[in-house]
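Me: I would like to learn how to read a few features of a protein model. Please take them one at a time.

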Amino acid sequence: MEFNFSEDQQMLQQAVREFLEGECTPEVVRGLWESETGRSPELWAQLAELGIPGLLVPEEDGGLGMDERDLVLVLEETGRAALAEPVIGTAAVGAPLLVELAAAGQGELARQWLGAVASGEARLAVGHARSPFVGDAHVAGLLLLPDGDDLHAVDPASTRLTAQPSNDQSQRLFSVEWSPSDATRVASGAAGAALQQSAFDRGALACAAQQLGVGQQLIDMGALYATQRKQFGVAIGTFQAVKHRLANAQVKVEYARAVVYRAAHSVATGQAERSLDVSMAKVAAGEAALFAAKEALQVHGAIGYAYEQDLPVWMKR
């Protein structure tokens, strides 16, 4: 089977890359660390103008009506730029979960939120039983939370959020205290469990896609530094040992990229082996990004740990 991205998909990826290169610089990322929420309403509004939050929202609800094969390239670029905005929770997991809830009889809830997501007026946060914390719960207009096999749609105002520490200053993690009720339950039993598994697969796929971008950026930063840093009067990038480090990292990222794209196809088309493909993608991308971080740090040497360097932004991610 031939699998290539279309010209439109590649143009969308390029547009997102160019936008983030201008608007999500390392200085912007660091600046948000010091803000109260760690998030930028202005940047989120700009992302909405590009259609990113609503990429998986149906056209009748104001979205672009695309699927994960389109989104995977966009997510890769958000990883490359170290974007901290809740694209995964809102665009990759929350929005399609609402679409699935609409198909399961929760049309009123979906209609209420999908349009707001597509326009950038609302952000979503999704919890899962496999994690004790919920990312970006502090800026979400709606929380989708599990209780056993049941799934609940919860107003953040009725919860108590407790911030949790993270090694990555861009992450905003929270434990959520809340009380399940009949009024908040939107799915139960086998249907609720299936929706939670679907959300988990989409979240893992989205993280894997971002890790591709993170890994590639680390390699690019290592390569750039290798052309600038000199020893014995020549750039260290001319040394074979340095070349091999970065080349090995690039090979791992390229192999992972194919696996992640395959998983995006499985999720978008509802393949029976979806969960397996996603698991393979998450492992491959995670290992590739970690390897790239180690090799980029070795190329930089001890200066790579310095706060003034941008490398730790991506290593922590």
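Me: Are F5 and Y261 buried or exposed?

Reply: This is a predicted model, and local features are read only where pLDDT is at least 70. Burial is judged from relative accessible area, with under 20% counting as buried. F5 is buried, and Y261 is buried too.

Me: How many aromatic pairs does the structure hold?

Reply: The structure holds two aromatic pairs. In one of them, the ring centres of F5 and Y261 lie 4.8 Å apart with the planes at 90°, so this pair is edge-to-face. F5 belongs to the segment before α1 (7-23) and Y261 to helix α8 (residues 240-269); the pair links distant parts of the chain, 256 residues apart.

Me: Why is the pair of W33 and Y307 edge-to-face?

Reply: Planes over 60 degrees apart count as edge-to-face. The rings of W33 and Y307 have their planes at 65°, so the pair falls in that class, with the centres 6.3 Å apart. Helix α2 (residues 26-33) holds W33, while Y307 is in the loop between α9 (274-300) and α10 (311-316), so the pair ties together parts 274 residues apart in sequence.

Me: How do W33 and Y307 stand in accessibility?

Reply: W33 has a relative accessible area of 12% and is buried. Y307, at 47% relative accessibility, counts as partly exposed.

Me: Which charged groups sit over rings?

Reply: R30 lies over the face of Y307, 4.9 Å from the ring centre. Another case is R130, whose charged end sits over the ring of F200 at 3.9 Å from its centre.

Me: How should I read the pockets?

Reply: Rolling a probe the size of a water molecule over the atoms shows where empty space is left. In this model the largest pocket holds about 1200 Å³ of space. It is lined by 43 residues, and the closest to its centre are I88, Q171, L173, G203 and C207.

Me: Which elements supply the lining of the largest pocket, and which classes of residue are found there?

Reply: At least two residues each come from α5 (87-103), β1 (124-126), β2 (134-135), α7 (189-228), α9 and α10. The largest share, nine residues, is from α7. By class, the lining of the largest pocket divides into 22 nonpolar, 13 polar and eight charged residues.

Me: What is the volume of the second largest pocket, and which residues are closest to its centre?

Reply: The second largest pocket has a volume of about 220 Å³. Its lining has 13 residues, of which E21, R80, A81, Q217 and W314 are the closest to the centre. Two or more lining residues come from each of α1, α4 (68-80) and α7. α1 gives the most, with three residues. The lining of the second largest pocket has six nonpolar, two polar and five charged residues.

Me: Last, the sheet. In what order do its strands run?

Reply: Strands of a sheet pair through backbone hydrogen bonds, either parallel or antiparallel. Here three strands form an open sheet in the order β2-β6-β5, with antiparallel pairing. β2 and β5 (160-164) are at the edges with a single partner strand each, so one side of each has no neighbour in the sheet.

Me: How many bridges join β5 and β6?

Reply: β5 pairs with strand β6 (residues 173-177) over five bridges, in the antiparallel sense.

Definitions and conventions:
Residues are numbered from 1 along each chain as its sequence is written. This is a predicted model: local features need pLDDT of at least 70, side-chain atom pairs count only at pLDDT 80 or more; totals for chains, interfaces and linings use all residues. Side-chain values use heavy atoms; hydrogens and water are left out. Rings of Phe, Tyr and Trp (its six-membered ring) pair if their centres lie within 6.5 Å; planes under 30 degrees apart count as stacked, over 60 as edge-to-face and the rest as tilted. Helices (H or I, at least four residues) and strands (E, at least two) are DSSP runs, numbered from the N terminus. Buried means under 20% relative accessible area, exposed over 50%, partly exposed in between (1.4 Å probe, protein chains only). A charge sits over a ring if NZ of Lys or CZ of Arg is within 6 Å of the ring centre and within 35 degrees of the ring normal. On a 1 Å grid over the protein atoms alone, a cavity is a set of points where a 1.4 Å probe fits but cannot get out, and a pocket is an open set with protein on both sides within 12 Å along at least five of seven lines; lining residues have an atom within 4 Å of a point. Grid points are joined across faces, edges and corners, and a volume is the space filled by probe spheres set on the points. Ala, Val, Leu, Ile, Met, Phe, Trp, Tyr, Cys and Pro count as nonpolar, Asp, Glu, Lys and Arg as charged, and the others, Gly among them, as polar. Two strands pair if DSSP finds at least two bridges between them.
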